[in-house]
Amino acid sequence: MVADVPGAAPEALGGGESPPSASGSTPARVVVVDDQTLVRQGIRTLLDLAGIMVVSEASDGARGLEEILRTEPDVVLLDLRMPRHDGLWLLRRLREDGHEVPVLVLTTFDDDELVLEALRAGARGYLLKDVTVEQLSVAVRTLAAGGTLIAPSITGRLLEAIRSGPAPGGEGPAVIQELTERELEVLRLVAEGYANRQIAELVHLAEGTVKNHISTILQKLGARDRTNAVLRALHEGILG
């Protein structure tokens, strides 16, 4: 169980220390999709203070999809409850169309089933709107670097729901093949939110080798992406 610590950076899916933020002089480029104008403006102002660039805004999923395709951002900040085409609709369209832009759900709804549904639909992170500027900026940079993040306030309940519920994936039963010790090591770092480059540095491997390990992990777990692989591994007890 991950405890809430005021002012602390959000924990990665599966627990562990907060992953390093992405470095470099080029700011992360973000699209904000939220039906409330004031919320969008507030997020833009806060991210600007943190050195993160909001390149576009949208008030529903359909418009959000257009802006994502037009601007090709590094990260999408997405509300789930919106009129007409909501956040889940957008997540599913992005997945169906093969767009792999990292999506961070930012919502007021603290609902375990909604969290799971969003993650299964392709979200790479889930935060509540009561986060600090520091937490939000760390989350954006982490997703931009290839990581995943879940709010500490819901991580423990989420893991319990994963373990007690049906296996995630939605693609039918998959045969879980045994992972090697190295693959388990890489998977744990993926669960902690580290990007391929950071994993390569931590385990002293070439980045290409890490990518190959992750491809093998996805195949063995019958998972379509990194987030789904972590969800399946947690459900099966592979990560403890």
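Mentor: Contact means heavy atoms within 4.5 Å. The model is predicted: local features need pLDDT of at least 70, side-chain atom pairs count only at pLDDT 80 or more, and totals for chains, interfaces and linings use all residues. Residues are numbered from 1 along each chain as its sequence is written, and side-chain values use heavy atoms, with hydrogens and water left out.

Trainee: Which residues of helix α8 are buried?

Mentor: Buried means under 20% relative accessible area (1.4 Å probe, protein chains only). Helices are DSSP runs of H or I, at least four residues, and strands are runs of E, at least two, numbered from the N terminus. In α8 (196–203), Asn 196, Gln 198, Ile 199, Ala 200 and Val 203 are buried. Their cover includes α7 (181–191), α9 (207–221) and α10 (226–235). His 204 follows α8 and has a positive phi, near 60°.

Trainee: How do I read the sheet, and what is the order of its strands?

Mentor: Strands of a sheet pair through backbone hydrogen bonds, either parallel or antiparallel. Two strands count as paired if DSSP finds at least two bridges between them. Here 6 strands form an open sheet with parallel pairing, in the order β2-β1-β3-β4-β5-β6. At the edges, β2 (53–58) and β6 (149–150) each pair on one side only.

Trainee: Over how many bridges do β1 and β3 pair?

Mentor: Strands β1 (29–33) and β3 (75–78) pair in the parallel sense over 4 bridges. Val 32 stands opposite Leu 77 in β3.

Terms used: Buried < 20%, exposed > 50% of the residue type's maximum accessible area, 1.4 Å probe, protein only.
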